[in-house]
Amino acid sequence: MQIISSALVTSCGIGKCALIDSIYSGKLTHRAFSSRPTTKKPLMFPSFYEGAQYCPLPSSFYQKANSARDVFFNLFDEIFSQLKSNTPGEFDYSKMGMIFCSTKGATEDYLGIAAQKFADPIHSVLDSYLTAREMNFAKSICISNACSSSHVGIFLANKWLLRDEAEEVVVISSDLIGSFVASGFNSLKALGTTPIRPFDGKRDGLLLGEACAAVVFGKNRGPLNTSIGIKISKVGFITDPGATIRPNAEGESLYQLIKNHGMDIGVDAIIAHGTSTPANDLSEAKAYERLFPENNIPITASKWCIGHTMGASGLIDLILAMDSIESGRLFPISTLKERDPNINSLVINETLSAEFNNILVSSLGFGGIAAAFNVISEN
Amino acid sequence: MYYLQCLTQSVVLNKKIVPKWAQKIKRWNQLDGAAFTLAEVSHPLKKEILGTELVVLSSSLSSIQTDHEFYRSPSAAKFVHTLPNVRATALLQVCELKVPVLSVENGQHSLFSALEEAISLVYDGSYKKVLIASIELIENDQYRWDIFTININGPYFKSPHSIDYYCTALDDGGAEKNYLDNNTLRQLLFTDLRTQRFIRVGHFQLKTMEN
């Protein structure tokens, strides 16, 4: 499945190029909910905006927005503007599919209302946006597979293309940090101290980030602005119901998934989920130690820089993997000081320059989901 | 021939009675209504569900009721169940499955989008047996659930279209004619395991046919 174009924006206005500059220069780009919980009782902000305002760096995407749905509209407008300028030729939506991947969508908009007014907070975002912008896609659907939503969206896009149900498929992924999400991760006591340190011995939790990303997949049209064709060669996911809240300490699901799909073959770098929670990073590292016993495959992660963007994180890592293949460099985990002594994998904290032709991007999510895909150079 | 089985019923929760499958799920009493319901209704179907390679979960209202419960009284256990895909894990646990869960949402068309994707994924050879689980809130603590399995067992549709296409073909009684004319549809047969009556898909609602 060929990658035709991509777009990315964080809700504080950082685009793809700025993110790439930041991640190689050790800067944090996130607009993130990063404070450690100060009370044992979970916080619940009384409104979406109180939750949003708790986060630093107020964003232009929140201006002129009366609801979470409006923020999505603003982000989507920016994303489609980028996609149109990044994609050769015109979009013919009638021949395209659209997959919106989100963990929680605009849930805040529906809290505190009467039950008879319930609506799907994810599908309603997509449906109302496509209606408002008169975008008549041949096919559209929403995916909500927790933090692996992007991976599952890519899986489905591949199937649609293989079945010729669409000539191209746009996968767009986004989640907002409103009161609901902030309170939820607070209740899980999953939030870490800034800066977070994936795979570090002193890591203590994650950092929430907020972004919207999109990738256009297809078969017939060549990519723009790059001499290297890049595609997804393999994608898969699995659910281990015994690991609903916490991944298996030995990385069993991820190991089995990658092994069974042959995703380990020819890999020369890994972009891990790397949330910086003790359980996630250990589980991933153990899976990779079993897959690559020589521990010679460099592993990195992006969430120290952009935060955990939940449903969008897989697409963001795909965009970063594309840059690595094009530029011949792999970004570091700049906040990593001392690797966890229980982890033997080759986790990098300095930029690595080399030719990369096959990058594995993995993800673990609530509900016991493990997902991965290979991004490869066609050359 | 291909077989698509369906069970449809609404369920009123009673979480005060220890379920038969309790030993399969730690802290079963922390499941949200949707997850509890799916576990309750899938447990007796374990034999029919055996061999499933993919679960397609359909939620037309996402997890909005659980979102409200978390909003009213936040806790870690409730938050986990506000992630729509998580509700399927209870089904997987009681049926002892370790397979991918594809969690789709398409508003009022969710069930039919789930059916369409599942049929297509069997048709294209990706999976041999797919389970579609749809859970819809009717009112407080009452859910309508639909569980389908699609089995590979013979010729399939030549090319997948939308579920509307199949419905139209069936509703005018033209399934056989459609197949003869277009070589696209052999048979679309839903069997209600509870009543042993055939069910077929209508326009965005399930209709029950007399034998």
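Predicted model: local features only at pLDDT ≥ 70, side-chain atom pairs only at ≥ 80, totals over all residues.

Biologist: Which domains does the assignment give for chain A?

Modeller: The assignment gives domain 1 (2-218) and domain 2 (230-377). Taken over C-alpha atoms, the centres of these two domains of chain A are separated by 20 Å.

Biologist: How many residues of domain 1 of chain A are in contact with domain 2 of chain A?

Modeller: There are 55 residues of domain 1 in contact with 54 residues of domain 2. On the domain 1 side, H5(A) gives the most, with seven residues. That side divides into 28 nonpolar, 21 polar and six charged residues.

Biologist: How should I read a nonpolar core?

Modeller: In soluble globular proteins, nonpolar side chains tend to be buried together. Here the largest nonpolar core has 173 residues, and A:Val171, A:Val375 and B:Val55 have the most contacts inside it. Both domain 1 and domain 2 of chain A supply at least three residues to this core.

Biologist: Which residues does A:Val375 touch?

Modeller: Leaving aside residues up to four places away in sequence, A:Val375 touches several residues, among them A:Ile230, A:Leu318, A:Met322 and A:Val361.

Biologist: How many residues does each chain give to the contact between chain A and chain B?

Modeller: Chain B gives 37 residues and chain A gives 39 residues. The side of chain B that touches chain A holds 19 nonpolar, 14 polar and four charged residues.

Biologist: How do strand E3 of chain A and E3(B) run, parallel or antiparallel?

Modeller: They run antiparallel and are joined by two bridges. A:Cys142 has B:Glu105 as its bridge partner in E3(B).

Definitions and conventions:
Residues numbered from 1 in each chain as written. Chains lettered and ligands numbered in written order. Core = buried A, V, L, I, M, F, W, Y, C linked by C-beta atoms within 7 Å. Buried ≥ 20, exposed ≤ 12 C-beta atoms within 10 Å, placed from the backbone. Domains from an automatic or database assignment. Contact = placed C-beta atoms within 7 Å. Nonpolar A, V, L, I, M, F, W, Y, C, P; charged D, E, K, R; others polar. Pairing = 2+ DSSP bridges. Helix = DSSP H or I, 4+ residues; strand = E, 2+ residues; numbered from the N terminus.
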